[in-house]
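Hi,

Here is the structure I said I would pass on. Have a look, and my notes follow below.

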Amino acid sequence: MSDSRPSVEVPFAYPGGENEVLAEEISAAINGVIASGHYILGPEVASFEKALASYSNAYASVGVASGTDALVLALLAAGIGPGMEVITASFTAGPTVAAINMIGAVPVLVDIEEATFGIDPEAVETAVSDKTRAIIAVHLYGHPAALGQLRAIAHHHGLTLIEDCAQAIGARHELGPVGSIGDFGCFSFYPTKNLGAIGDGGAVCVAGLDTLTKVRALRAYGWLRKPQYADLTDGRCSRLDELQAAILTVKFRHLESWTEARRTAAARYKAGLEDLPVLLPYELPNCRHVYHVYVIRTDRREALQGYLSNRGIRTALHYPYPVHQQPGLAYSARIASSMEKTERLTGEILSLPMFSTISDRQTSQVIEAIRSFFKNG
Ligand SMILES: Cc1ncc(COP(=O)(O)O)c(C=O)c1O
């Protein structure tokens, strides 16, 4: 997308852009829900769930209140409970680990692979103990984790494989779309995500009828079948609501073109920055990166971030601290590998502006500023 406006601030993310473009359609969808009189678990949620399952090549999907709840419900549906161990990466968003804590299980934290920022399968293998019940693979930044190796480890040890797809809707591994390879695929529709609601939302993709029934029950008080109250399990109240589902259905139709827009912006960054002393995101052959965030690496991160900020270019850190260094999250965690890569990369990462409506002019402004930073020493 090109425009001829003068240089202005470049935001880090701009979820409002998509909603502005689709304002009429979104308003019509909202009005449709109001007129229907059906506000909870009605036709909009059912049709969005179908669309997500078909897009993700999953057996079915269940709309829930957030990405965090998607992880919690997947863990509960897998039978994970207090004292059981769940292996995941320390280099992730806090909610991945908070979800494990919320059900009283023990997070077992390991290092990542340098190229993709995904959990390191070798570290996972050595972290397995007789208490391990699940692995959460996070497709961080929008690139799939090493799903082939992780699935083999999970099968070998009889573990549940949960994919944290919060940042990766539309990403593909050579084995298939994310969310379809593990036993559960957990999605977030937080407004800045590649498919964002106008509020909170999430979904769990499941691989079969048994887990579909469990997650459906868990999201609504534990009702297992009609008539309601007949069959109670220990449930939550975590539903995607009709309004958000109707909005997501409108936006879903544009996800592929928005993903291509992100990939085009990523290609522009690559062409403009690849001769500089920075490391750029890597896309494994046979994988599709969806660039939820575009993360570069430099040992001059603080100086570069300050330089860009002075020029109106907003950047961010994903994340400033790994989980094993956050006492509020890692209080019961077992640290099960060296964290050499996690700690080194945490000091080098910088997330550049990235959103589906970013213009060529904005990416050029970012590229020129980074080039001038390195040119001027
Ligand atoms: C990797 C990852 N997992 C889980 C979540 C939680 O999603 P939500 O904010 O919808 O609860 C997020 C969102 O920030 C995330 O980035």
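Thr-192 sits in the loop that runs between strand E8 (184-188) and strand E9 (202-206); strands here are DSSP runs of E of at least two residues, helices are runs of H or I of at least four, and both are numbered from the N terminus. This is a predicted model, so to speak of local features we need pLDDT of at least 70, and side-chain atom pairs count only at pLDDT 80 or more, while totals for chains, interfaces and linings use all residues. Residues are numbered from 1 along each chain as its sequence is written, and side-chain values use heavy atoms, with hydrogens and water left out.

Thr-192 counts as partly exposed because its relative accessibility is 29%, between the cut-offs for buried (under 20%) and exposed (over 50%), with a 1.4 Å probe and protein chains only. Beyond neighbours within four places in sequence, Thr-192 is in contact (heavy atoms within 4.5 Å) with Ala-13, Pro-15, Arg-262 and His-292. Ala-13 is 179 residues away along the chain, yet the two C-alpha atoms are separated by 6.8 Å.

Now the domains: there are two, domain 1 (20-252) and domain 2 (254-375), with bounds from an automatic or database domain assignment. Their C-alpha centres lie 24 Å apart, and 48 residues of domain 1 are in contact with 40 of domain 2.

The rule finds 4 salt bridges across this interface, each a side-chain nitrogen of Lys or Arg within 4 Å of a carboxyl oxygen of Asp or Glu. Elsewhere in my notes, Arg-344 and Glu-114 are joined by a side-chain salt bridge at 3.0 Å, N to O.

Cheers
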